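The following exercises are each paired with a worked solution. Please inspect the sequence and the coordinates before reading on.

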Amino acid sequence: MGKVFAVLLVIITLVSVYPIIAHTWWPPPTISTTGPGVDGQMNETMIETGILFLSSQLILAGFVWAFGGRKGKIKHWPGGHKPVVAFGIIIVGLEVLSLSFVGSKVWAAMYMAAPNAQALHVDVQAEQFAFFFRYAGPDGVFGGIHPEKISDATGNYFGLDPENDVAARDDIVVGSLTIPVNTPILLTLHTKDVIHNFYVPELRIQLDIVPGLDIPLHFTATKTGRYEIVCTQLCGLGHYSMRAFLEVMSQSDYDSWLKQQSGD
Amino acid sequence: MNDASAQPEIHHLAPPHSFIRKHVFSLDHKVIGLQYYGLALAAVFIGMVLSWLMRLHLGWTSLAIPGLQHFSQNGAPGGVITPEYYLSLMTMHGTIMIFFVLTNAPFSGFGNYFLPIQIGAEDMAFPRFNMMSFWVTFVAFLVLIAAFFVHDGPPISGWTAYPTLSSIGKDAGPGEAMGQNLWAVSIALFCIGQLLGSLNFIATTLDLRTKGMTLARMPLSTWAWFITACIGLLAFADLLPATILLILDRTAGTSFFNPAGLVVSDTLQPHSGGSPLLWQHLFWFFGHPEVYIAIVPGLGIISHILPAFIRKPLLGGMRVMVGCMIAIGFLSYMVWGHHMFVSGMNPFSAILFSVPTLIITIPNTVAVLIWLGSIYGANLRFTSASLFCLGFISVFISGGISGFFLAQPAIDTYLHATYFVVAHFHFVMAVAAIFGIFAATYFWMPKMIGRMMNETLGKWHFWLTFIGVYCIFMPMHYLGLAGNVRRYATFTDNFLLPLIPVHKFITVAALLTGAAQFIFLYNLFHTRWWGPKAPDNPWEATSLEWSTTSPPPFDNFGGKHPVVYQDAYEYGAEGPQDYVMQTTPGKASAT
Amino acid sequence: MASTTYRPAGPAAVPGVAGSGPRAWPGARAATTPKMAATQTGIWVGVCAIFMSFAAFVSALVVREGSSTDWQHLVLPRVLYINTLVLLGSSYTLEACRRRFAIVTRQETEPGGATRVSPLPWLYATIMLGSIFVTGQWLAWRTLAAHGFYLATNPSSSFFYVLTAMHGLHLLGGMAALTYMARRLARSVTSTQASALSATAVYWHFIGLLWIFLFLVMAIRL
Amino acid sequence: MRIAYFCCLGIVVLVASAMLVFARPPAGGTITGKVSYTGTPAKMKPIDMSKEPTCAKEHNPPEKTQTVVTGPGNSLEYVVVYISAGEKPSGPPSQVMRYDQKGCMYTPHVLPLQANQPLQIYTDDPVAHNIHPMPKLNSEWNKSQPPGAPPIEAKWEKPEFIAVKCNIHPWMHGYFAVVSTPHYAVTDEQGNFTIKDVPPGKYTVTAWQESYGTQNQEVTVSAGAATVNFSYKALPY
């Protein structure tokens with residue numbers, strides 16, 4: 001029975017590891033300047049923990065194979081427990097140190113670095129169950145947000161007050177995030193009802209949108225294309241269908257798009 | 001010595017005679033332990049059925065499940081589960097499993113039954129509190145289940161019940177009216193029950209140990225229950241206020257969690273200035289220790305059972321394992337922030353929280369190494385219990401490994417709300433804890449019901465479950481790596497469509513593994529009435545529970561308190577009998 | 001199976017061998033059996049849990065105040081100062097009761113008749129002061145309500161009502177314990193009741209200290 | 001010969017005139033009219049459906065929001081006109097009203113129906129919707145309707161104007177105009193409406209527009225058609 005267990009465990013271990021090595025299911029290629037750092041961190045962790053995983057499972061299998069059903073003199077681990085404990089503390093301790101050191105640098109680069117001063121500023125309003133994006137328009141100023149004016153019926157998702165607020169009149173509100181490639185983007189995330197989340201796998205960015213807070217988020221997309229923005233924070237019955245599209249365009253396409261938007 | 005009445009009374013209460021006092025409102029810790037175990041058994045069955053429904057919906061979204069429409073007309077018109085009902089199932093699955101299974105069975109259930117016996121006491125310190133704690137928990141369970149039968153169904157805000165989804169009320173969606181209220185009340189009651197229980201465990205362990213039962217001689221399972229009680233005392237004392245504030249926000253119009261200017265379904269909410277993150281801090285300050293409330297008893301139980309089947313004490317004796325458990329319990333209060341890396345809190349605090357989170361892997365790793373090192377050179381005996389111990393070690397490794405990823409904010413920012421997390425906590429907390437429960441059941445049932453469980457069925461149960469859980473939860477890691485978001489009722493995004501076959505595979509695996517559990521149920525209930533009688537010490541184990549009858553008399557040791565002369569795990573002795581019981585006088589010839 | 005007939009373990013028993021509950025705590029000296037020691041331990045563990053939950057409330061208060069723009073300060077009703085004094089007084093009377101109790105129980109052993117002064121009046125006084133405190137808290141609520149501050153009016157009034165209500169509940173529990181003690185002492189005054197009485201006392205003093213802590217927090221923060 | 005000819009002619013004339021007289025339907029009037037506005041109404045925004053590409057494809061050029069829908073000659077569409085006073089109460093009809101979701105839009109935008117009249121909500125879309133009516137007097141509900149799901153049955157006890165929305169597609173916005181009379185109509189693209197089969201009498205006719213509210217007029221219906229026109233004052237914001 002020990003051999004059965006050992007063989008089974010070895011099979012399970014190898015089968016489990018195969019798709020990781022073969023990258024059968026793997027994060028989509030990153031399109032952000034900070035993405036490679038995340039991937040590097042991910043790979044490093046994958047290697048280190050992979051070694052831990054394989055070795056510990058195989059040792060378990062080996063010992064069960066060797067000592068399963070054995071009837072004899074009890075043997076003890078040579079050297080007693082001290083080396084074992086020390087080994088565990090040192091190995092894992094080193095891993096912890098390296099990972100947290102490098103990892104926190106990657107993290108800091110994403111969320112703690114100050115946004116570029118020339119960054120293109122886009123305002124994000126999340127609601128059950130959609131995202132809406134606001135550009136300041138020709139005057140470059142965002143109109144104020146008045147919750148009492150918010151109405152899905154009139155398409156006033158941001159609660160603008162064009163009657164009294166001139167800055168609000170030329171604000172452009174659209175349903176998909178259109179940005180120029182290789183340009184620093186600064187998003188201000190806010191929600192009008194419950195907690196939502198702004199997640200773009202390709203950007204390697206995931207950040208909650210919390211009621212009552214204006215949360216800044218900045219990134220730079222390096223590859224044109226159409227990507228999906230999804231909500232990853234449980235927000236109600238339509239959570240699974242809450243998404244928008246991220247359109248990364250060349251600067252020229254973006255300019256013409258913007259002109260067309262402010263046209264009508 | 002089965003007949004306690006022939007013995008001098010050491011129990012300050014007379015043995016009960018009426019059925020009610022004996023089996024329903026019993027003050028006997030053994031009966032209460034079995035009651036907790038039974039409650040957990042009922043809960044885990046419900047929770048498993050819920051997970052089946054969820055898996056079926058994820059695999060085949062428009063599948064009509066026959067008969068379901070009769071259970072919930074709104075939730076499943078024509079038997080097809082609606083997205084909101086999926087979220088209800090998910091919420092109830094999480095709440096039932098975490099609170100009423102993973103907390104009740106290994107801690108309250110086995111703890112109640114065996115903690116007093118293992119320290120040679122005749123009962124818990126406060127039998128009335130003990131009874132109260134069970135019945136409060138029972139009412140909490142009924143209140144939670146009642147949510148299935150209110151008008152707009154169970155809550156949809158997940159077991160974490162994040163405001164503002166959970167604190168606004170009906171505008172937030174179906175289930176957020178009465179269902180969420182019932183949820184909150186149930187959790188508050190559960191906290192009270194657990195506080196009473198933890199208090200009892202601590203006082204009992206500190207003061208009711210019999211002659212010679214020093215702390216150093218306490219079995220590791222008792223140590224684990226004691227440490228868990230200490231964790232639980234603080235954790236539930238923190239969740240209770242949080243829940244009270246949530247109830248007030250929902251019903252009394254206060255604004256603890258609800259900020260101003262919320263517009264939900266075109267309705268401006270009458271709140272001001274609250275902080276949704278406040279709930280997350282309060283909740284996870286409870287929530288992460290809760291994870292260890294679920295798993296530390298597992299560590300203790302495995303460390304207690306393993307020596308009996310490897311016929312040698314654990315490597316490094318008691319000290320290392322106890323140290324690991326204490327370190328885990330202590331660190332568990334510094335790491336709650338790793339649940340909030342992407343919650344919009346100050347990014348600097350993410351780094352502060354990630355370091356202790358990574359450090360907490362050290363005691364866990366040491367524990368695993370100790371188990372591995374102990375198996376070396378052992379006379380490993382294969383029983384259902386020992387197989388589940390080995391399985392526990394394997395899944396505990398698998399689950400712990402993925403923790404390294406999620407402990408780092410830089411990687412968590414990609415994996416945070418994906419199936420990678422689901423895989424992680426199911427492996428390390430759910431499956432590991434369940435394996436601990438199974439091991440404990442096969443190990444202790446002979447003592448608890450006085451009959452031996454069927455080993456053949458037990459082993460088949462192990463093989464199927466072991467393969468099954470890997471088939472269910474390993475692929476979830478891959479889904480997470482591919483960015484598959486969790487808590488989605490169905491997958492409509494382009495980047496998720498290719499992953500649906502994986503979900504179908506998981507669903508099939510889940511159904512089969514769930515079906516395998518009926519072997520266990522059959523084994524358990526058949527044994528209860530028709531199993532062969534169990535000897536007092538079937539596993540040739542050393543600790544006190546094996547030095548009394550199976551099942552033990554009302555006062556556990558038949559009118560006396562045992563005297564302890566030996567450490568808890570004197571295995572591997574020379575001579576015909578390779579173990580020395582704790583009650584055997586004289587110097588142990590064992591290692 | 002080796003075993004022995006039961007001998008009450010306690011301070012007399014060999015340390016580390018018998019049920020070696022912590023002994024250093026107030027009132028624990030009264031513990032002569034493991035059960036009594038457990039009562040002492042239990043009450044202290046319970047006190048820890050209760051304090052933990054109030055710590056959670058207070059930290060919630062601090063976070064809520066820090067994160068909000070709508071915080072309005074609250075003028076605490078005058079009557080709270082009187083209530084505080086009343087509660088302190090009740091702690092004193094309870095201690096007086098325990099002193100009387102100690103004298104009486106010592107006289108059990110000593111032969112000959114010093115006059116047996118019953119501890120009961122002091123206990124009744126404590127219960128009375130407790131109920132005065134509760135009434136006072138209720139008056140404080142009425143005063144706030146009269147000024148238009150209700151549970152949901154603003155965050156500080158919310159926290160005021162929640163904290164006082166929670167403390168009040170625990171205090172009512174304490175009064176129930178005191179009444180129970182009174183009924184037991186009314187029947188007979190024996191040293192076997194010492195641990196129960198001291199446990200009740202520990203709880204009651206804790207409730208008093210807790211109130212002072214909450215009162216300070218509310219005076220500073222609300 | 002000629003006499004016979006005249007006789008026949010006379011008989012024909014008599015018969016014809018008699019038919020004219022007696023073939024008339026029993027006296028029941030109709031109320032017709034037009035709803036228009038003065039001033040400049042708010043500019044309707046184009047709806048951005050990019051979240052739901054399947055729906056976005058169906059609307060090219062994109063639909064506009066429908067809170068104020070104007071037609072030629074300053075006419076207003078989707079105004080509900082109904083008799084609010086002056087008639088005897090009548091029982092609820094058994095005819096089932098149908099409300100559709102097509103291409104992530106509600107059709108019609110405004111559905112008038114009677115209290116306690118059965119209502120069925122259908123979806124033709126390949127994507128899931130949730131129907132979330134937000135009544136004040138009746139009881140609120142909120143249900144998902146995945147593609148291919150059976151129609152949702154509903155009924156409204158009390159008369160009121162109930163806004164209905166889809167949270168999954170926030171731009172989807174419509175109204176159930178629940179009235180207590182069988183005599184109601186909704187204005188068409190030209191702002192015209194016709195309420196048929198009104199028994200003669202004196203009534204109050206009410207017009208309701210979702211952004212501009214209600215207007216009342218007294219009208220007397222006798223044999224023939226009565227005409228009532230409503231005019232709203234429109235504001236640019």
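Domain bounds, as used below, come from an automatic or database domain assignment. This is a predicted model, in which local features need pLDDT of at least 70 and side-chain atom pairs count only at pLDDT 80 or more, while totals for chains, interfaces and linings use all residues. Residues are numbered from 1 along each chain as its sequence is written, and chains are lettered from A and ligands numbered from 1 in the order in which they are written.

**Exercise 1.** Describe the domains of chain A and the side of domain 1 that touches domain 2.

Solution. Step one: the assignment divides chain A into domain 1 (2-68 + 79-112) and domain 2 (120-263). Step two: their C-alpha centres are 38 Å apart. Step three: nine residues of domain 1 of chain A contact 11 residues of domain 2 of chain A, a contact being two C-beta atoms, placed from the backbone, within 7 Å. Step four: the domain 1 side comprises four nonpolar, five polar and no charged residues. Here Ala, Val, Leu, Ile, Met, Phe, Trp, Tyr, Cys and Pro count as nonpolar, Asp, Glu, Lys and Arg as charged, and the others, Gly among them, as polar.

**Exercise 2.** Compare the span of helix H2 (residues 35-67) of chain A with the expected value.

Solution. Helices (H or I, at least four residues) and strands (E, at least two) are DSSP runs, numbered from the N terminus. The expected span is 1.5 Å times one less than the number of residues. H2(A) has 33 residues, for which 48 Å is expected; the distance from its first C-alpha to its last is 47 Å, close to that value. Just after H2(A), Gly69(A) adopts a positive phi of about 70°.

**Exercise 3.** Characterise the side of chain B that touches chain C.

Solution. First, 47 residues of chain B are in contact with 39 residues of chain C. Next, the elements giving two or more residues to the chain B side are helices H6 (178-207), H7 (220-251) and H8 (276-310) and strand E3 (561-562) of chain B. Of these, H7(B) gives the most, with nine residues. Finally, the residues on this side divide into 27 nonpolar, 15 polar and five charged.

**Exercise 4.** How many helices and strands does chain C have, and in what order do its elements run?

Solution. Chain C has five helices and one strand. From the N terminus on, the order is β-α-α-α-α-α. Among contacts in chain C with a separation of 6 or more, 76% join residues 24 or more positions apart.
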